[in-house]
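I opened a new page today.

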Amino acid sequence: MAVYGPLHEGGDDAAVEGEAVVVAAAGENGQGERGDEIERDGEEERKENDDEEAEKEKKEEVEEWSEIRLAIAELSPISHGKMSSPPPTLPFLGISLLLLQVLDKIGPTMAVLRLDVQRNIERLQELYLLDPSKYSTLTAMVEKEADEGTARKAHSCARAVLWLTRSMDFTVALLQRLEDDEGSEEHQSLAQLVEAAYKVSLKPWHGWIASAASKIAMKLIPERKIFVSWIAGKDPSRSVLKDEIERLVPLLQPFLVDIHDMLAKFRLDRLKST
């Protein structure tokens, strides 16, 4: 008994030690796996936070963009030969909404024009939402009314397209004059630039009532430098504004030409207001 006792006890100790090693190893492995899982969760959470922060910064940056830069972003995908033959509806509506913001910055002088623009946008949006697939192009909208014999009516979508396009013609003419005048020694006032742009874009199509209202409104135009600071966005430097205008005009003009050509096919391009 004395011989086997110590050996048996030693064996028990060894077994206990072995079990302890196994348990410890299992514990270490369990802690390691849990640690890896916690670390992965932490990395995923950090990644989500980084993505949210990047998205927030991008949103804030876009919100600070000027209307001109936003218009460039709107038109770029359909430019450089990629523009579909029938003018697409959504980019047209997007540019029209930006036009509203520009008119707001010119001030109360454009209140009447602004109201017309807003109503025309709403008219097109209403028809588009009835069937976005069917009315994905302006041509489809105008063709529908032409077939129904309603295209020339006062509140038609065809007239809405026509007057929104002319309003964009006015905007392009104003921006071009603003850019050209920057290089001259004697700058013209904003009122002079607006009047010059109005004469070549909207006045030929306005009746005496609209022309008289526009003439009175010219007296309420803000100072040029104030307007420039408004449309320049977060970077009001002249060089940045000039660059953005130079980028926008070549994108917007072909788009407007396509719309005018489409309207001419339906003999709607010569309609006048009262």
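Burial comes before the entries: buried means under 20% relative accessible area, exposed means over 50%, and partly exposed is in between (1.4 Å probe, protein chains only). The model is predicted, so I noted that local features need pLDDT of at least 70, side-chain atom pairs count only at pLDDT 80 or more, and totals for chains, interfaces and linings use all residues. Residues are numbered from 1 along each chain as its sequence is written, and side-chain values use heavy atoms, with hydrogens and water left out.

Entry one: I226. I looked up its accessibility and found 32%, so I226 counts as partly exposed. I226 sits in helix α9 (residues 224-231); helices are DSSP runs of H or I, at least four residues, numbered from the N terminus.

How many aromatic pairs does the structure hold? I found one. Rings of Phe, Tyr and Trp (its six-membered ring) pair if their centres lie within 6.5 Å; planes under 30 degrees apart are stacked, over 60 edge-to-face, the rest tilted. F92 and F255 have ring centres 6.4 Å apart and planes at 65°, so this pair is edge-to-face. F92 is in helix α3 (residues 89-106) and F255 in helix α10 (residues 238-265), so the pair ties together parts 163 residues apart in sequence. Both F92 and F255 are buried.

Methods:
Helix = DSSP H or I, 4+ residues; strand = E, 2+ residues; numbered from the N terminus.
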